[in-house]
Every structure is written in C-alpha cells, then in structure tokens.
Amino acid sequence: TAPGPRSYTTLRDEAVKLFNSLQQLESERDPVPLMQGVLQTCLDLLPLVDEIYCQLVKQTTEPPAPGGQGDLHYWQLLTCMSCTFLPSPPVLRFLRFHLDRTENRFPASEMAKYACFIREALGKTKGRECVPSLEEILVLMQRQEMICTVHCPGAPACSVAISSHTTAEEVARELVSRLGLSQSPNLFALYEQSRRREQPVGSATLLADVLTRFE
C-alpha cells in the first residue's frame, strides 16, 4: 500500500527510531519497505533529513565489510535519499567530501558507482511531493531508470524511460517528437486518470511523484 498519514512523537524519539531502522537495514532480506518507511518519515519530519544523511555517511565510512550486502543497503538508501531530499549546505559539503573520498579509495567498486550516481542526483534534486514508490526504490537500487507507459489518443501506448527528476513537460515533448507532431499548432499535456477523476499533470510535476500516487 502507498504510504499514508502517520502519528509521530518528538523529533528526538523519531530520530532514535530511524537509527534503529538503519541498524535493521543492514541485515534486512527485503530492504525496500524499510527504506520507504525511512523516506516517508523524513518527508513528514523534514528536520530529520540532515540527521539521516549524517547517519548514512557514518555507516558507509570504514564499514566492516566494504561492498558487502549490508554496506550496499546503506548506499542504496543514500541513493534514494539523494533523489528525494537535498540536505542543508553544511551537510551537503560533508556528503560530497564523503562521495569523493569513497570514489578515490574504492575506484570501480559498487560503492564508487553509487557515489557517482548520488553526486549527479544531488545536482538535479529539488524536493519531492511524495517519497519514491516501491518500484522506483527497486530501480534506484540498481541505478537504473523506470519505464513509464503513456496512453496516447489515436496512437499505441508509448513506453518512456524516466528518472526521479523527469518532469511531465519533458515526457510530453518526447512524445510529441515521437508522434511526429512537432509542427502541430496544438498544445499537448499529460493527464492523470483514476477511477474518480481525470486531471492535467502540471508541466513541472515529477512523473515519479505521479507514479507513487498510483501505487
């Protein structure tokens, strides 16, 4: 089910709960729901974003088994965080230093590949309305893109590869080009349709947020 409203206690108590969740993440066989839970808490309680970034940097510094499953789970959550939240400037500087250090120390490793992906994501992330869907988390763990299916009137459905940062306007432009409508005087937009309503998707809306709402 999609993340829903939650009840929270104090920031201190929630920070402790998140720390415990991170400890559990290391040995979790299916880390995706736990990752989504951490992301949802951070979205609901934005003051905790910096705390989680700092905890993840700590967990991925001098790990007992570099590149092991537990270590990579932390890197995968750090990847999801980088596509969802921007830390404060001091924490961002600290994080970038950690990414550089990891790439220099473990070149060509999985950790270095995650570090490179995270650095690029941080340059594009502006904040999200929703946390990544379960599907998005799965593809982010593999540093891949999602496939979004768009149904076009009078034409076959189109599959479009999107990232966590792809906007509705970017997808609409690509579809217009694919369908040979670049010279058309008409305006084109994406629509979000559910059982209850149909509405246009704002041009700056992230498609990843729309997919999370569907989930």
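1. **Ground rules.** In this predicted model, local features need pLDDT of at least 70, side-chain atom pairs count only at pLDDT 80 or more, and totals for chains, interfaces and linings use all residues. Residues are numbered from 1 along each chain as its sequence is written, and side-chain values use heavy atoms, with hydrogens and water left out.

2. **Domains.** The chain splits into domain 1 (11-141) and domain 2 (146-214). These bounds come from an automatic or database domain assignment. Taken over C-alpha atoms, the two domain centres are 29 Å apart. Across the boundary, 15 residues of domain 1 are in contact with nine residues of domain 2. Contact here means heavy atoms within 4.5 Å.

3. The space in the largest pocket is about 650 Å³. A pocket is an open set of points on a 1 Å grid over the protein atoms alone, where a 1.4 Å probe fits, with protein on both sides within 12 Å along at least five of seven lines. Lining residues have an atom within 4 Å of a point. Grid points are joined across faces, edges and corners, and the volume is the space filled by probe spheres set on them. The lining has 24 residues. Val150, His151, Ala189, Leu190 and Tyr191 lie nearest the centre.

4. **Largest pocket: make-up.** Four elements each supply at least two lining residues: β1 (146-150), α8 (168-178), β3 (191-193) and α9 (207-214). Helices (H or I, at least four residues) and strands (E, at least two) are DSSP runs, numbered from the N terminus. Helix α9 gives the most, with four residues. By class, the lining has 19 nonpolar, three polar and two charged residues. Nonpolar covers Ala, Val, Leu, Ile, Met, Phe, Trp, Tyr, Cys and Pro; charged covers Asp, Glu, Lys and Arg; the others, Gly among them, are polar.

5. **Second largest pocket.** This pocket has a volume of about 300 Å³. It is lined by 15 residues, and Lys126, His165, Thr167, Ala204 and Leu206 are the closest to its centre. The lining divides into three nonpolar, six polar and six charged residues. Domain 1 and domain 2 each give at least three residues to this lining.

6. **His165.** This residue sits in the loop between β2 (158-162) and α8. Buried means under 20% relative accessible area, exposed over 50%, and partly exposed in between (1.4 Å probe, protein chains only). The side chains of His165 and Thr125 make a polar contact of 3.1 Å. A polar contact is a pair of N or O atoms within 3.5 Å; within protein, one must be able to donate a hydrogen and the other to accept it, and residues adjacent in sequence count only if both atoms are side-chain atoms. Beyond four places in sequence, His165 is in contact with Cys83, Ala121, Lys124, Thr125, Glu170 and Leu206.

7. **Glu136.** Is Glu136 buried or exposed? It is buried, with a relative accessible area of 0%. Glu136 belongs to helix α7 (residues 134-141). Its side chain joins that of Ser164 in a polar contact of 2.6 Å. Neighbours within four places aside, Glu136 is in contact with Arg128, Met146, Ser164, Ala208 and Thr212.

8. **Glu103.** Helix α5 (residues 89-105) holds Glu103. This residue is partly exposed, at 24% relative accessible area. Which side chain joins that of Glu103 in a polar contact of 2.5 Å? The partner is Arg119. Contacts outside four places in sequence are Ala112, Ala115, Cys116 and Arg119. The C-alpha atoms of Glu103 and Lys113 are 7.8 Å apart, at ten residues along the chain.

9. **Positive phi.** Most residues other than glycine have a negative phi. Glu62 has phi near 55 degrees, a positive value. It lies in the loop between α3 (49-59) and α4 (69-82), and is exposed at 56%. Ala108 also has a positive phi, of about 70 degrees. It lies in the loop between α5 and α6 (110-122), and is exposed at 73% relative accessibility.

10. **Pro33.** Pro33 is in helix α2 (residues 32-44). It counts as partly exposed, at 47% relative accessibility. The C-alpha atoms of Pro33 and Ile137 are separated by 9.1 Å, with the two residues 104 apart along the chain.
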